[in-house]
Amino acid sequence: MTTLFFSRWAGRSPRRTTPAALLLPLGALLLAGALLLGMLHPDAARAQEGEALFPDLPLQGKLSQEMIQQLGISGTPFRISDVPSEYLFVEIFSMYCPYCQRDAPEVNALFERVRGSELWEQMRFLGIGTGNTQYEVDFYAQQFKTPFPMLPDEEYVLHSALGNIGTPYYLLLRRNGPDQLEIVHAVEGSPDSLEEMFREMLRKAGLR
Amino acid sequence: MMRFPWILPRTCSALFALALLLPALALLPPAEARADHPVRPGLFDPGPLSSQDSTLKVHVGDAAPDFALVDLAGKTVRLSDYRGQRNVLLSFVPAAWTPVCSGQWPGYNLALKTFEEHDTIVLGLSVDNRPTLFAWTEAMHGIDFPVLSDFWPHGRVADLYGVLRSDGMSERALFLIDKQGVVRFVDVHDINKRPDLGKIMAEVKKLSAR
């Protein structure tokens, strides 16, 4: 029946098909295949710095008043583009990720250095717990005395939008106009040196 | 002009149908879309599995079957060693070097102090052998609670509790046992998902408050 339908759609008798008639469906097939690969392959879907915008999805969860003020937002839910600072350092983590746990004190130290520098005028930090509940995010933040806001992505919404990234995943974002969050630099996995990674982020942002 | 055999238009139509179907397939979520995983080369992703594949033999209110297994240091650990001393949380995980399992015990490791504050010890059980468990836990930067190998006779303890799957792995299961050796909480979780620490802690706190 499908054959019949497409034969009719093509407007010609099956016996009169020529090589040219194959070009259209073959082309469509190749295009569809390319689309499929692009959409399903995690690496292909992964957000790439300099050429992709960060998915500006709504973030939900509980934040203390202090953390709300630190971000400069009115409350939750909010979108990352609602954060008024020009740059945002984002850490995608999981409470269950041993590498995130190992990095946590260093990320805190990085935050404190930024807070004590002129960069604080332009930059804020945000942690997003992928696949973590509010309890798990709070537990992690409590264990490591995290001094910046952390929110859950319990249903893996952002995680999927970013291409099913592994943890930890560090990004520096830059606001390029309303709702435009450019990925300046992104690093998947625990780097050999967080300090070095951050310097590279600043270099790419033209901040140092 | 050259005429093509009758099969060509059918091929042509089939290609068209496939071309239409492929983008539709792309709309389906990828299998791993809902599993976070630490970036670690060498993890094996078995893909989605049937959520449960065993028949539970131990229920809330039952006496927990005693067992003796060897930990990674070669020490024999008996469940009855904790009788009258501590509540025990048994955590069965299906297999070493897989994404969800690799993202479960490190969280309990982080929460060990909280478990201890509520008079509870965690025992991790896996049907993997000791060398495998040693390498795996080292890759996770070490696990500070006893990790017990239920490798031989294969999955005997998992089977005793009714959480041995037909493929030889265990379920992702939790049993909370009180100081009298009575089972107070059971969660045979969907093997593809990680149990929420908040719910486990609520049960642990409830038990320690008795």
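Predicted model: local features only at pLDDT ≥ 70, side-chain atom pairs only at ≥ 80, totals over all residues.
**Entry 1: a threonine in chain B.** I began with B:Thr137, which is buried at a relative accessible area of 4%. Buried means under 20% relative accessible area, exposed over 50% and partly exposed in between, with a 1.4 Å probe and protein chains only. Side-chain values use heavy atoms without hydrogens and water, residues are numbered from 1 along each chain as its sequence is written, and chains are lettered from A and ligands numbered from 1 in the order in which they are written.

I then looked up where B:Thr137 sits: in helix H5 (residues 130–139) of chain B. Helices (H or I, at least four residues) and strands (E, at least two) are DSSP runs, numbered from the N terminus. Leaving out residues up to four places away in sequence, B:Thr137 touches B:Leu72, B:Gly142, B:Ile143 and B:Val147. Contact here means heavy atoms within 4.5 Å.

**Entry 2: the sheet.** Next I traced an open sheet of seven strands in chain B, with the order E2-E1-E5-E4-E3-E6-E7 and mixed pairing. Two strands pair if DSSP finds at least two bridges between them. Strand E2 (76–78) and strand E7 (183–189) of chain B are the edge strands, each pairing on one side only.

I followed strand E6 (residues 172–177) of chain B, which pairs with E7(B) in the antiparallel sense over six bridges. Along the way I found B:Phe175 opposite B:Val186 in E7(B).

**Entry 3: helices on the sheet.** Which strands does H5(B) lie across? I found strand E1 (68–71), strand E4 (120–126) and strand E5 (147–149) of chain B, with H5(B) running at about 155 degrees to E5(B). Axes are lines fitted to C-alpha atoms, for helices over the stretch in contact, and angles run from 0 to 180 degrees between N-to-C directions. Helix H7 (residues 197–208) of chain B also packs on the sheet, where it touches strand E3 (87–92), E4, E6 and E7 of chain B. The direction of H7 makes about 15 degrees with that of E6(B).

**Entry 4: cysteines.** Are A:Cys100 and B:Cys101 buried or exposed? A:Cys100 counts as buried because its relative accessibility is 0%, and B:Cys101 counts as buried at 1%.
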